[in-house]
Amino acid sequence: MRRRATSLAVEAWLPVVLVTTWWFASATSTSIYFPPLRTILERFQDLWLFERVPTDVAFSLTNLGLGLGSGLVAALAAGVMFGLMPRVHTAMAPLFEFMRATPIVALLPLIVAMLGLGVTSKVVIIALGAFWPTFLNTVDGIRAVDPLVRDVARTYRLTPVTLATRVMLPNAAPQIMVGVRTSVSVAVVIMVGSELFGSSEGIGYFILQSQRSYAIADMWAGLILLGLLGYALNLLSAGVERLVLSWHEGRRTGSTTVAATGA
Amino acid sequence: MNQSPPVSAVRIAGLQQTFVVDGASRHVLDGVDLEIRTGETVCVVGHSGTGKSTLLRCVAGLQRPSGGEVAVAGQAVAGPPEGLAVVFQDYGRSLMPWLRIRENVTLPLRRSLSRRDRNARATEALAAVGLDGVERLYPWQVSGGMQQRVAIARALAYRPQVLLMDEPFASVDAQTRSDLEDLVVRIAAESGLTLMVVTHDIDEAVYLGDRVVVLAGRPARIAADLEVDLPTGRDQLTTKADPEFLRLRGEVMSLIRRETASIAERMSA
């Protein structure tokens with residue numbers, strides 16, 4: 001209990017210091033760009049607790065959820081497939097590297113031209129952005145399977161489904177999770193980006209709109225909301241990771257090793 | 001399954017194996033012939049690097065031989081055959097660290113059995129290797145010897161006709177090793193399994209085997225095929241002091257020595 005309190009204090013001191021400094025430094029500010037934190041927080045309360053939650057926040061989070069969800073599912077399925085076909089993967093690798101290196105937001109005009117300004121184009125572009133990090137990590141993780149594990153799987157003639165779900169995916173899970181966490185942050189960036197371009201809803205749109213109408217405190221409130229959302233998503237994926245990789249963590253630290261008595 | 005079992009559980013005829021490593025070809029096995037009768041325990045012994053594991057991998061269908069034939073239960077081996085299980089040396093890597101011990105044992109049974117039957121088999125197999133109450137643990141939470149017991153339980157639960165073991169006890173301490181040897185002797189006697197054990201340990205080979213096959217030379221051939229005429233109820237103390245045990249052990253050792261010496265001669269010539 002005490003240790004938890006200490007680690008919380010270690011994590012919290014810097015944010016507390018920064019916010020306090022911001023609060024006092026900006027208290028008498030008359031700058032257009034840096035309004036007092038007090039004003040920003042008041043606007044935050046007015047806007048996000050919870051007046052615009054059903055509209056802008058719900059809109060953004062729905063797109064994020066749909067895009068991220070479909071992107072990750074596709075990435076896992078395709079990753080396992082290509083991971084199990086090393087030759088095909090080698091042939092496709094240059095294409096994959098090219099696709100990954102292309103900033104996905106740059107495709108937005110094309111996707112909007114094809115799918116219009118509606119929800120679909122936003123979900124698609126988020127899915128596309130979320131796909132690559134998880135896909136590439138899944139392929140690598142699947143390919144890195146220990147040859148002995150492969151031998152065991154072959155000897156016992158495991159079915160392809162058992163092989164994929166009980167052997168290949170769990171084996172690759174540590175690396176897949178690295179990809180998933182990157183995908184999550186990329187998805188948030190693209191979510192905001194997609195709302196800055198020809199949108200009439202969403203947190204990104206709201207920030208752009210506030211800036212255009214010189215409601216700078218509102219803009220700051222939107223930025224703070226995004227920061228908090230990103231932080232919450234990171235906590236969420238860390239939680240998922242702990243759940244999925246409990247065996248990995250336990251084996252690495254060896255903290256739960258039962259006393260080895262005899263054979 | 002309604003035909004009577006063929007007399008030879010494993011039949012190896014004129015087995016050749018050549019590897020190409022960095023452009024240079026290496027001839028590992030040169031015309032190995034070996035028959036293992038149903039229910040028999042055969043130990044293949046030889047220096048490390050002679051090709052014992054290569055031989056085992058060919059029988060397991062994990063490796064395609066360059067020439068010759070391998071048949072398990074009368075069926076030519078083209079890939080891992082049905083009714084064959086393997087216990088590998090490296091238990092730390094052959095068990096899945098993300099699966100609990102019970103799930104490790106039931107993994108090969110997912111194709112054919114319901115969850116209830118799978119779990120019943122796992123409990124039975126784990127009890128047979130002397131493990132109780134570890135089902136919910138992960139393999140890495142128990143000792144090395146216990147992990148190898150889990151690997152043996154996984155093989156037993158699969159109910160194979162032929163069980164191959166590749167240096168199964170080379171990575172455990174001496175005391176654990178003799179415990180596990182006794183376990184294998186007991187399992188072989190009780191189950192009627194056909195067992196092929198690859199080992200570099202001469203004592204182990206003589207202690208476990210109904211027959212000891214010496215693999216020697218470069219490329220390797222079968223240098224000797226010896227019947228072990230020891231009572232079936234083996235015991236670490238009395239068996240290993242039996243004059244017949246000592247005679248066989250000496251014979252195998254001198255065979256391996258002689259082969260090593262002749263290779264050294266040829267190399268220096």
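1. **Ground rules.** This is a predicted model, where local features need pLDDT of at least 70, side-chain atom pairs count only at pLDDT 80 or more, and totals for chains, interfaces and linings use all residues. Residues are numbered from 1 along each chain as its sequence is written, and chains are lettered from A and ligands numbered from 1 in the order in which they are written.

2. **Chain A, fold.** Chain A has 11 helices and zero strands. Helices (H or I, at least four residues) and strands (E, at least two) are DSSP runs, numbered from the N terminus. The radius of gyration of chain A, taken over C-alpha atoms, is 23 Å.

3. **The interface.** Contact means C-beta atoms, placed from the backbone, within 7 Å. On that count, 30 residues of chain B touch 24 residues of chain A. In chain B, β6 (84–87), α2 (91–94), α5 (144–157) and α6 (174–191) each supply at least two residues of that side.

4. **Helix α1 of chain B.** How many of the residues of α1 (52–59) of chain B are buried? Eight of its eight are. Buried means that 20 or more other C-beta atoms, placed from the backbone, lie within 10 Å of the residue's own. Among them are K52(B) and R57(B). G61(B) follows α1(B), with a positive phi near 75°.

Definitions and conventions
Two residues are in contact if their C-beta atoms, placed from the backbone, lie within 7 Å. A residue is buried if 20 or more other C-beta atoms lie within 10 Å of its own, exposed if 12 or fewer, and partly exposed in between; C-beta atoms are placed from the backbone. The radius of gyration is taken over C-alpha atoms; the globule rule is 2.2 Å times the number of residues to the power 0.38.
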